[in-house]
Amino acid sequence: MESSTRILILGTDSTGKVLQFDRNAAAVLGAEPGAQLDDVIAGAREPLLEAVRSGRERTVMLTLRTPGGAACDAVVTVHPMAGGGSEAAALAVVRVPVPLADRFLDPAVIRRALLEGSLPRVGATLDLDLLARGLMDILVPHFCNTGALLLLDSLVDADEPPAGGAPLLRRMAVACDDGDPAWDAAFPTGEAVAYPEDTPHMRCLRGGEAVLAGPVGDEAAAIAQAWHRPPVAALLKGASLLLLPIMAGDAALGFFACTRDTAHRPFDAYDVEIGMEFASRAAGFVESARRFGRERATALTLQRSLLPTGLSAPSSVEVQHRYLPGSRLIEVGGDWYESIALPGARVALVVGDVAGHGVRAAVTMGRLRTAIHTLAGLDLPPAEALERLDSLMRSLGEREPHFATCAYVLYDAVSGRCEVASAGHLPPLLVPPGAPAAYLDVPPAPPLGIGDGPIVSREFTVQDGTLLFLYTDGLVENRARDIDDGLDRLRRTFDRGAPSLDGLCQAALDGVYDDQHRDDIAMLLARLRRIPADDHVSWELPAEAAAVRRARGLVRDRLARWDLAGLADTTALLASELVTNAVRHAGGRITLRLVREGGLVCEVFDASDGRPRIRCDTDAASAESGRGLNVVSRLAHRWGVRRTPGGKAVWCEQELP
């Protein structure tokens, strides 16, 4: 990267005779009055004559030789001159690279290279490591022979507390113009160091002002001794040292350490002035990159902590998921997914998308995930669960309006029944075995937080082996593709199939990685199967007292067949209490069901929609009537009530031995 150039100016007449020139042209080209331009710059006379004839400037690349015999490429621009009565007919502007030996001699060249060259482009990056390397590429070789950028370690590492005593600094980047490996060995990038108090480095950091030292003498030995690195003394011995503080307000974030060897001009007051101007601009870039990095790390940590780390489902249901962040510009979003195993071999499959990006969307996503876990644990149907989420989004929107979409699927692995509800979300994709993929026709509803209409669910039975795919809009929609095209592509992907769920997820994402401005994507793919028929059993019982004794006998017989005789007494007692409760308060036919899936679940279905509760009354009559659920709550691992199309089901679960 060589952007340092020296500009030479020569005035000539129409024949190419040199009439006037600047000091740089005399020093570099050996120009003399009356010399021919071709003698000074070989090949320049022809573009000169053409520019004079046409009245238009000409630019050519030529190779010129300096009086010392060195050859270099030069850009020569000839500007024709008109009027004024002067003998000069053209002006030749020559741009040549500055020789390494002379690159610190011309203050104008140094200023242009540091402040007008690559600095704006380098400063545009928000990656602190890339920024540090870019800044060092500007300082070396245009300002110094070797250099390093050091920042306070407490600023670079958000988890690192400020050190007591001498502050700890992290060396972010190191550069040298001769490629000497001794510099990298003595001053490794990424090292955390503490300087002695009596060194120029600490004076720069404490005072917040540039420190000019040179030639370095005893300081080099002190630093080498403090670090236990003898080669450091030899590297710094005799060098001219300039330390430039990086300031944010009144606080020093770190400093640039710049050195020039004995073969070059030492730093002077002008170098301090231009170096401080460079450091001042760089400080703004460093502070922006540091803040962006910390905010981005906070947002990503928040989002990743909110996304589920493990999905649960019945053993017969296979689940795969993917989460793909957006581009670097919108990496943090509000897309999420859930697979929540429920008692009785059921599973809740959920995918949602909070509008917007950043920390706000991630926080809202976390609230919805927490709420959906609670609602699923309450055994609410999908439509009612989404209505509760809509109410939550409305209350959140009172402070800051926002909305989300969500699709909720409840699958019963005993009956093979699915219940689906959607709030403004794209339709799930259903792929029955041996049949083409098709999008589910789910009753439409507005997004959560808008709440302009009812949320209605759809129920249907699926075949074993059916694939259910839930996704967010980032998978099928982007700036260059219509959403209908994306949906067609997704359906064709599932029609082609794949040997595994993982392969299908990967195929669905093919081509999405190339989009640098994509939205984030959440995907949930499930293969739905019923549990084995031998793992569940149900009995119809009459609503009479004799049904309680029969229930105990049926439970004991079944547990003996399942080799769970150790749970027989407890389960028989739990079943008798649930059946007694249904006989007393429900009436009509009663269904008792045992399910062995993850745990042992005992369920009693009845035709009443009343929700039983544990009573805490002190009078004897009330205490006796509420005794059953007290027994259930103490003996079972967990218990609950859920509504069914024909009434309700009261269930309790025990852990399997």
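Which residue in strand 19 does Cys-418 stand opposite?

Guide: The model is a predicted one, and in it Cys-418 stands opposite Phe-460 in strand 19. That pairing belongs to strand 16 and strand 19, the latter made of residues 458-461, which run antiparallel and are joined over four bridges. Strand 16 itself covers residues 417-423, and six of its seven residues are buried, so the strand is mostly covered, buried meaning under 20% relative accessible area.

Strand 16 also pairs with strand 15, residues 404-412, in the antiparallel sense and over seven bridges. Within this pairing, Leu-410 has Glu-419 of strand 16 as its bridge partner. Strand 15 and strand 16 make up a hairpin, with four residues between them. In the turn of that hairpin sits Gly-416, with a positive phi of about 80 degrees. In general, most residues other than glycine have a negative phi. In a regular strand, side chains alternate between the two faces of the sheet.

Ile-531 lies in the loop between strand 21 and strand 22, the latter being residues 536-541. Its relative accessibility is 4%, so Ile-531 counts as buried.

Inside the order, strand 20 (residues 466-471) and strand 21 (residues 521-528) pair in the antiparallel sense over six bridges. There, Tyr-471 is opposite Met-523 in strand 21.

Another part of the chain holds an open sheet of six strands, ordered 8-7-6-11-10-9 and paired antiparallel. The edges here are strand 8 (192-193) and strand 9 (211-213); each has a single partner strand, so one side of each is left without a neighbour in the sheet. Strand 10 (residues 240-248) and strand 11 (residues 251-260) run antiparallel and are joined by nine bridges. In this pair, Leu-242 stands opposite Cys-258 of strand 11. Helix 6, residues 128-142, packs on the sheet and touches strand 6 (146-152), strand 7 (169-176) and strand 11, with its direction at about 40 degrees to that of strand 7. Helix 6 also contains Pro-141, which is joined to Val-140 by a cis peptide bond with omega of about 20 degrees.

Two aspartates have backbone angles worth a look. Asp-379 is not a glycine, yet has a positive phi of about 60 degrees; its place is the loop between helix 13 (359-377) and helix 14 (382-397). Asp-563 also has a positive phi, near 60 degrees, and is found in the loop between helix 17 (546-561) and helix 18 (568-585). Asp-379 counts as buried at 8% relative accessibility, whereas Asp-563 is exposed, with a relative accessible area of 69%.

As for the whole chain, it has 20 helices and 26 strands, and buried residues make up 49% of its 657 residues. Its radius of gyration is 39 Å, while a compact globule of 657 residues would have one near 26 Å. The C-alpha trace spans about 125 × 65 × 45 Å along its principal axes.

The mean pLDDT of the chain is 84, and 90% of its residues reach 70 or more. Over residues 618-624, however, pLDDT stays under 50. Where pLDDT is low, the predicted coordinates should not be read in detail.

Notes. Residues numbered from 1 in each chain as written. Heavy atoms only, no water. Buried < 20%, exposed > 50% of the residue type's maximum accessible area, 1.4 Å probe, protein only. Pairing = 2+ DSSP bridges. pLDDT = per-residue confidence, 0-100. Contact = heavy atoms within 4.5 Å. Rg over C-alpha atoms; globule rule 2.2 N^0.38 Å. Axes fitted to C-alpha atoms, helices over the stretch in contact; angles between N-to-C directions.
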